[in-house]
Amino acid sequence: MHQRPIGTATRGTTNPNRLRRMDRWIAATHGPALRRSDSPVAVDLGYGAAPWTPVELLSRLRTAEPRTAVVGVEIDPDRVAAAKPYEREGLTFRHGGFEIPVPGRPDLIRAANVLRQYDEEEVGAVWQRLCARLAPGGLLVEGTCDEIGRRHVWVALGPEGPRTVTFATRLGSLDRPSDLAERLPKALIHRNVPGEPVHAFLRDLDRAWASASPYASLGARQRWIAAVRAVSADWPLTDDVRRWRQGELTVRWSALRPGRLH
């Protein structure tokens with residue numbers, strides 16, 4: 001008897017290349033863990049009405065580890081049926097939800113634009129369920145992006161829980177860093193208010209961006225690097241200029257955890 005999938009269907013909207021920033025970050029930061037795995041498996045959870053994101057995830061992760069296999073998991077059986085013609089070596093599609101219907105423990109679960117429809121108080125239990133399915137050294141990446149992939153924010157979690165929050169943007173489209181607030185994941189989006197650490201962080205980043213305006217003549221990338229370097233004096237960033245050049249920055253979850261300033 002098959003277990004009923006856990007969760008509810010997403011709207012399913014997706015576009016090619018929507019998750020490219022997230023994919024590239026995963027390949028760069030989690031590639032060593034994939035290479036250490038005997039049989040690396042990544043799950044794209046809730047990929048939507050079209051299978052573009054698991055197809056792209058496979059190609060990008062294989063630049064880091066060519067043995068990687070990707071399983072696209074969808075709670076809507078019609079979406080799974082529509083994706084089946086895209087199956088090939090290393091890429092399969094399965095009907096399921098938060099229970100993650102794959103054998104063994106995956107090395108990566110990517111859940112993009114899945115939890116936006118859930119209540120904030122439901123997020124912790126979903127994180128725990130998904131993290132419990134990870135292999136030792138595995139990674140859960142849960143977050144949100146806009147429709148064409150210009151702005152992303154995601155949380156990276158290990159089996160022990162949340163580790164970091166990454167902000168990523170196409171710098172040419174950025175007016176101020178707090179523009180990314182509209183893409184905060186569900187665990188943080190309602191916390192962007194005075195007295196909460198994520199609000200203080202975005203405030204400080206906006207101030208650093210404004211102070212770095214003289215660098216604008218050298219391009220948005222140099223201005224971003226200068227702003228991020230400035231906030232690194234007061235906030236625990238986990239990356240360096242190699243990632244900042246991509247329009248990213250990653251900060252420890254412990255610094256942005258809701259309620260920390262209360």
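This report walks through a predicted protein model, from the whole chain down to single residues.

## Ground rules

Because the model is predicted, local features need pLDDT of at least 70 and side-chain atom pairs count only at pLDDT 80 or more, while totals for chains, interfaces and linings use all residues. Residues are numbered from 1 along each chain as its sequence is written, and side-chain values use heavy atoms, with hydrogens and water left out.

## The whole chain

Let's start with the big picture. The protein chain has 9 helices and 8 strands. Both kinds of element are DSSP runs numbered from the N terminus: helices are H or I runs of at least four residues, and strands are E runs of at least two. The radius of gyration is 18 Å, close to the 18 Å that the globule rule gives for 262 residues, so the chain is as compact as a globular protein of that length. (That radius is taken over C-alpha atoms, and the globule rule is 2.2 Å times the number of residues to the power 0.38.) Along its principal axes, the C-alpha trace spans about 60 × 40 × 35 Å.

How much of the chain is buried? Buried residues make up 55% of the 262 residues. Here "buried" means under 20% relative accessible area, "exposed" means over 50%, and "partly exposed" is in between, using a 1.4 Å probe and protein chains only. Contacts, meaning heavy atoms within 4.5 Å, tell you how the chain meets itself. Of the contacts with a separation of 6 or more, 67% are between residues 24 or more positions apart.

## Surface and charge

The protein chain exposes about 11700 Å², and carbon and sulfur atoms supply 49% of that. Areas like this come from the Shrake-Rupley method with a 1.4 Å probe; for residues, only the protein chains shown count as cover.

Now for the charges. The chain has 39 positive and 30 negative ones, and their mean positions are 4 Å apart. Lys and Arg count as positive and Asp and Glu as negative, while His and the chain ends are not counted. Each charge is placed at NZ of Lys, CZ of Arg, CG of Asp or CD of Glu.

Helix H2 covers residues 52-64, and its 13 residues should span 18 Å at 1.5 Å a residue; the end C-alpha atoms are 19 Å apart, which agrees. The expected span is 1.5 Å times one less than the number of residues. Buried residues in H2 include Thr53, Pro54, Leu57, Leu58 and Leu61. Among the elements covering them are helix H1 (20-36), strand E1 (41-45) and strand E2 (69-74).

Which residue of H2 can we use as a contrast? Thr63 is found in helix H2, and it is exposed, with a relative accessible area of 67%. Thr63 and Ala28 are 35 residues apart in sequence, but 9.5 Å apart in space, C-alpha to C-alpha. Past the helix, Pro66 sits in the loop between H2 and E2 and counts as exposed at 57% relative accessibility. Its C-alpha is 25 Å from that of Gly149, 83 residues away along the chain.

## Helix H6

Helix H6 (residues 197-211) has 15 residues and reaches 21 Å from its first C-alpha to its last, close to the 21 Å expected at 1.5 Å a residue. Its buried residues include Val198, Phe201, Leu205 and Trp209. The buried residues of H6 pack against E7, H5, helix H7 (220-231), strand E8 (248-252) and helix H9 (253-256).

## Loops worth a look

Ser39 lies in the loop between H1 and E1 and counts as exposed at 51% relative accessibility. Not counting residues up to four places away in sequence, Ser39 touches Arg67 and Asp107.

Ile100, in the loop between E3 and E4, counts as buried at 2% relative accessibility. Its phi is near 60°, a positive value in a residue other than glycine. Asn113 also has a phi near 60°, and you'll find Asn113 in the loop between E4 and helix H4 (120-132).

Is Asp179 buried or exposed? Asp179 is buried, with a relative accessible area of 18%, in the loop between strand E7 (161-169) and helix H5 (186-189). Leaving aside its neighbours within four places in sequence, Asp179 is in contact with Arg151 and Leu174.
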